[in-house]
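Me: Please work through some questions on the model below.

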Amino acid sequence: MRRNQMLPKVRTILYACDLEPRTNQAMEMVMNLAISNQAKVVIMHAMEPITAQAANMIHNYISDESIQEMREDAVRSTLDRMQTYLRDFMEAHSEDVKELPATPELEVVHGIPAEAIELTAEKVGADLIVMNSRTHSRIGQMVIGSTANKVVHHSRVPVLVVPILK
């Protein structure tokens, strides 16, 4: 055993939120950890890119300006949903969240979710990634794989996966 080595500090927690119903278990865990460690919280959501084939079809019917407008609307809408989710959570747990060192930050990023989570963790200097995972069959996990599984196996940062039970 090494002596005089400090335990790792959790200063920034990245919560990769999929904005699906029943994610409060993960959010509660994030806030509890943030309060316990007096850590900053960054809540992120990844917007998946469309396939090249779909993009080509869209470009045949919609102008580049309209596509850009639609992307901006999608980001605004996602950010609105995130703000509503956070506000509702903070109101429901108003006494507890008073102990947070700062209001959580919101990030909407574009990309394949597992990659976007890893890049965002690096960008914000996350010491811990928290994400939820739905229960899937073993075959479903093997064939499709899951974002949580990919992040757990590729992240340089510790990952806490909170199961969302059906």
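**Pocket and helix packing**

Me: How do the residues of the lining of the second largest pocket divide into nonpolar, polar and charged?

Reply: This is a predicted model, with residues numbered from 1 along each chain. Local features need pLDDT of at least 70, side-chain atom pairs 80 or more, totals for chains, interfaces and linings use all residues, and side-chain values use heavy atoms without hydrogens or water. A pocket is an open set of points on a 1 Å grid over the protein atoms alone where a 1.4 Å probe fits, with protein on both sides within 12 Å along at least five of seven lines; lining residues have an atom within 4 Å of a point. The lining of the second largest pocket divides into nine nonpolar (Ala, Val, Leu, Ile, Met, Phe, Trp, Tyr, Cys, Pro), three polar and two charged (Asp, Glu, Lys, Arg) residues.

Me: Which residues are closest to the centre of the second largest pocket?

Reply: The second largest pocket holds about 370 Å³. Its lining has 14 residues, and the closest to the centre are E48, P49, I50, I67 and R71.

Me: Which helix gives the largest share of the lining of the second largest pocket?

Reply: Helix 2 (52–61) and helix 3 (64–92) each supply at least two lining residues; helices are DSSP runs of H or I, at least four residues. The largest share, four residues, comes from helix 3.

Me: How are helix 1 and helix 3 oriented to each other?

Reply: N24, M27, E28 and M31 in helix 1 meet Y85, L86, F89 and M90 in helix 3, with contact meaning heavy atoms within 4.5 Å. By class, this contact has six nonpolar, one polar and one charged residues. The axes of helix 1 (residues 24–37) and helix 3 lie 12 Å apart at about 65 degrees. Helix 1 and helix 3 are therefore (65 to 115 degrees) roughly perpendicular.

Me: What angle do the axes of helix 5 and helix 7 make?

Reply: P113, A114, I117 and E118 in helix 5 meet T147, K150, V151 and H154 in helix 7. By class, that contact has four nonpolar, two polar and two charged residues. The axes of helix 5 (residues 113–124) and helix 7 (residues 147–154) come within 9 Å and cross at roughly 45 degrees.

Conventions: Grid points are joined across faces, edges and corners, and a volume is the space filled by probe spheres set on the points. Axes are lines fitted to C-alpha atoms, for helices over the stretch in contact, and angles run from 0 to 180 degrees between N-to-C directions. Angles under 35 degrees count as roughly parallel, over 145 as roughly antiparallel, 65 to 115 as roughly perpendicular and the rest as oblique.
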